[in-house]
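Here is a briefing for a reader new to this structure. Please look over the sequence and the model before reading on.

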Amino acid sequence: MYLVPEGDELEIANAAAEFIASALPINRLHTAGNADMNGAVRSQLAEMGWFALALPEDKGGSGLTAVEHALFFREIGRQCGPVDILAQALAAMVCKSADVRDALVSGTASAAVLVPEGNRHRLIGSASATHGLLVTPQSASLHEMAQANIEARPALDPANSLALVENLPAPAESQDGAHIWRLGQIGSAAMQVGLAEAALDLIVEYAKVRETFGKAIGSWQAVRHTCADMAVMTEAARAELWYAATAMKEDRGDMEAHVDAAKHLANEAALKATDSNIQLHGGIGVTDEHDAHLLMKHAALLSRLFGSRQYLLSRLLHAKLED
Amino acid sequence: MDLRYSDQDREFRARARQWLQANIPQERRPASGKAASQFDRDWQKKLHDHGWAGVAWPKEYGGHGLSGLQQVIWYEELSRAHAPAQHVSTTYVALMHAGPTLMARGTKDQKTFHLPRILSGEALWCQGFSEPNAGSDLAALKTKGTVDGDHIVVNGAKTWTTDAMHADFMELLVRTDPASERHKGLTWMICDMKTPGIDIKPIRTMLMDDHVNTVFFDDVRVPLANVVGEVNKGWSTAMATLSFERGLGFIADQLELLEKVGRAIELAGELRLADGRLAIEDDEIARRLGSIKADTMAIRAMTLADIAETDRTGIPGPKGSMMKLMVTTTHKALSQLVGDMLGWGFMEFDGDRASNPWTHDYLWSWVFSIAGGTNEIQREITADHVLKLPRSR
Ligand SMILES: Cc1cc2nc3c(=O)[nH]c(=O)nc-3n(C[C@H](O)[C@H](O)[C@H](O)COP(=O)(O)OP(=O)(O)OC[C@H]3O[C@@H](n4cnc5c(N)ncnc54)[C@H](O)[C@@H]3O)c2cc1C
């Protein structure tokens, strides 16, 4: 029993952190046109094998587990990384066809997330993605998007484009079961934890230097106590994320409950931390040039993926837990 | 990371479960008075006689030297078996912080005399830190200790002293250097509660009980041999005590929460609301329950992460204050929610925890968030020591 990342896990996390901070720094989002994963970043990520982290070895992947998957996407979250990175990694796992899989893993094909919306579908990610990935708790399917009728929509969150899809083509590939959904939950929960941590780091640093009434704002209790509450929620979400990812790695009987709980807690922590981060920055916090709104908008986007609050909480209610 | 238990862990859990099933007291714990403390002593003695006392205490001090993880397993099995609640037990101070303080800072004689008595339930302890004008600001304390030969003579008053009337000994913190200020000049000592000059006055609380007290000291002579740590260096010993109290002090309660959430969910499937629906059919109640369950799962994950880390490094992390915040707020949310479900049943209360544990829990939620350092102070500690923000004081 050990619930803190260690050894190889830490090495992977550190390597990911370093790479993502240079390839996808959050400040890219202050320049227009940087939504989604561009071709160059996709090739770089592919080259380093990040899309194949949790893909089994016999399918050309690294054969790592939900734990490494979580560690990687937490770093993506810290830089407000686009969700098409998650789509790309999950899509490769859905493929039975080696050609499409290899194309996704090597970055010559690309994926975006699809979510049902009325009788249409919402597309999150690049409208020029070759594939759309639709994941539900029951199954995952991959759709070729070349012929799809895509209507671009304005996006609140600059990290990802939004579009609506009319007449989604029949799936090119599909897989039954909840495996991809769970990895999507873990990946998006990890991104939320990364966002919460980034928000907490930003405000703690600012609170040490910004002065009012002759004192650092970090010495005012309204600020200190809000930061402490952010820290508690973030710590709770992180601990449950590690638990859930490890439960999934070990295929424990109660893993689904822990994954649902992890996603729920991560949503709550990210929404609260990114909100308080803006508030405690004062006026500068609402400016376009600051990172604070980027974190908040991305947290809002991620909280809409892989299970609504209502869905997660109602499932949790009756879930049995193991020791 | 891994969540696997070793064979020894599994075997330990099975053995604990089996023993507890057969040995949990069948009679209710009396609500108050000597009968209550006798019940606690008897239960502790039974645990001790059957080899279940001091699971994680070192063997040299009469414990079993098991790992922190096995201690977690033990507490989980206690709550699963509906064993007498830890937080209301009069053995709490002795087991959770007096014993550990003596292990860390006591002399050989102090350990030899006291530790076996604590484990067997023979000696109950209370904590004499807070005063009328020194609570959050503990370093403002004024109770005076004057060295006189081989004794320290104590004059003054302690307050909020839980279970003082039941205790055999007190963790007594006094100012021995009259010229000193704040943290300097304090001394931590073991005070025998039978010493002449001690007068205990109960304080009636909103829980309809008298479990806290004001304790008056009139020329109370405490042998110098009872000083733990050094004379005038008691602040350091007191910080050790508080680190035990705030570190693992809540472990039983934090692990019991999952069990309580399970009971609340069962209850929601049985209770009818005023409009005739089952409580669980109400969306708001269902969501609150789900969200509290998630918080409770996180508390368990935080506990396991902390324990595993401490088992490996030997050093407890700085996160006890964050844990206390998380546990106390979740505990309050749960008892409030059950209160909403119970309707008028929640309003019937005569002070006896056994007859209405949910209402008692609700009232206790303020004890949790005030005693042992208020939640505001826990936020201060988190801001200082975890986030390293500039000091507010
Ligand atoms: C049921 C119960 C049992 C107890 N048992 C014991 C016991 O056995 N032994 C013992 O020694 N003590 C015991 N205590 C005392 C407890 O530790 C103190 O009550 C607690 O530390 C708060 O001190 P206070 O009551 O003086 O409140 P105060 O310190 O006067 O605080 C009043 C309010 O101000 C807030 N506050 C104070 N300072 C700050 C600050 N710097 N920043 C922000 N907010 C602040 C507090 O959070 C609180 O809300 C017990 C208390 C209770 C309620």
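The notes below go topic by topic, from the sheet in chain A to single residues.

This is a predicted model: local features need pLDDT of at least 70, side-chain atom pairs count only at pLDDT 80 or more, and totals for chains, interfaces and linings use all residues. Residues are numbered from 1 along each chain as its sequence is written, chains are lettered from A and ligands numbered from 1 in the order in which they are written, and side-chain values use heavy atoms, with hydrogens and water left out.

**The sheet in chain A**

- Chain A holds an open sheet of seven strands with mixed pairing, in the order β5-β6-β2-β1-β3-β4-β7. Strands (E, at least two residues) and helices (H or I, at least four) are DSSP runs, numbered from the N terminus.
- β5 (149–153) and β7 (173–176) of chain A are the edge strands; each has a single partner, so one side of each lacks a neighbour in the sheet.
- Neighbouring strands of this sheet are turned by 25° against each other on average, direction ignored. Axes are lines fitted to C-alpha atoms, for helices over the stretch in contact, and angles run from 0 to 180 degrees between N-to-C directions.
- β1 (residues 111–117) and β2 (residues 120–124) of chain A pair in the antiparallel sense over five bridges. Two strands pair if DSSP finds at least two bridges between them.
- P116(A) stands opposite H121(A) in β2(A).
- Helix α4 (residues 84–94) of chain A packs on the sheet and touches β1, β3 (131–135), β4 (139–144) and β7 of chain A. Its direction makes about 90° with that of β1(A). Contact means heavy atoms within 4.5 Å.

**Strands in chain B**

- β3 (residues 151–162) and β7 (residues 212–223) of chain B run antiparallel, joined by 10 bridges. T162(B) stands opposite V212(B) in β7(B).
- β7(B) also runs antiparallel to β6 (residues 198–203) of chain B, with six bridges. There, K201(B) has T214(B) as its bridge partner.
- β1 (residues 125–128) of chain B is covered on both faces. W125(B) and Q127(B) on one side, and C126(B) and G128(B) on the other, are all buried. Buried means under 20% relative accessible area, exposed over 50%, and partly exposed in between (1.4 Å probe, protein chains only).
- β1(B) pairs with β4(B) in the parallel sense over four bridges. W125(B) stands opposite F169(B) in β4(B).

**A helix in chain B**

- Helix α9 (residues 320–342) of chain B has 23 residues. From first C-alpha to last it reaches 33 Å, close to the 33 Å expected at 1.5 Å a residue. The expected span is 1.5 Å times one less than the number of residues.
- α9(B) is mostly covered, with 18 of its 23 residues buried.
- G343(B) follows α9(B), and its phi is positive, near 60°.

**The ligand site**

- Residues from chains A and B surround the ligand, so the site is shared between chains.
- Of the 18 residues around the ligand, Q221(A), Q127(B), S136(B), W160(B) and T374(B) come nearest. A residue is near a molecule or strand if one of its heavy atoms lies within 4 Å of it.
- A nitrogen atom of the ligand is 2.8 Å from an N or O atom in the side chain of S130(B).
- One ligand oxygen atom is 3.1 Å from a polar backbone atom of F129(B).
- A polar side-chain atom of E376(B) lies 2.7 Å from an oxygen atom of the ligand.

**Single residues**

- D260(A) sits in helix α8 (residues 255–281) of chain A and is buried, at 1% relative accessible area. Beyond its neighbours within four places in sequence, D260(A) contacts residues including R182(A), Y311(A) and R315(A).
- D251(A) is not a glycine, yet has a positive phi of about 55°. D251(A) lies in the loop between α7 (221–249) and α8 of chain A and is exposed, at 59%.
- R182(B) also has a positive phi, near 50°. R182(B) lies in the loop between β4 (169–175) and β5 (186–192) of chain B and is partly exposed, at 37%.
- V72(B), in helix α3 (residues 68–80) of chain B, is buried, with a relative accessible area of 1%.

Methods: A polar contact is a pair of N or O atoms within 3.5 Å; within protein, one must be able to donate a hydrogen and the other to accept it, and residues adjacent in sequence count only if both atoms are side-chain atoms.
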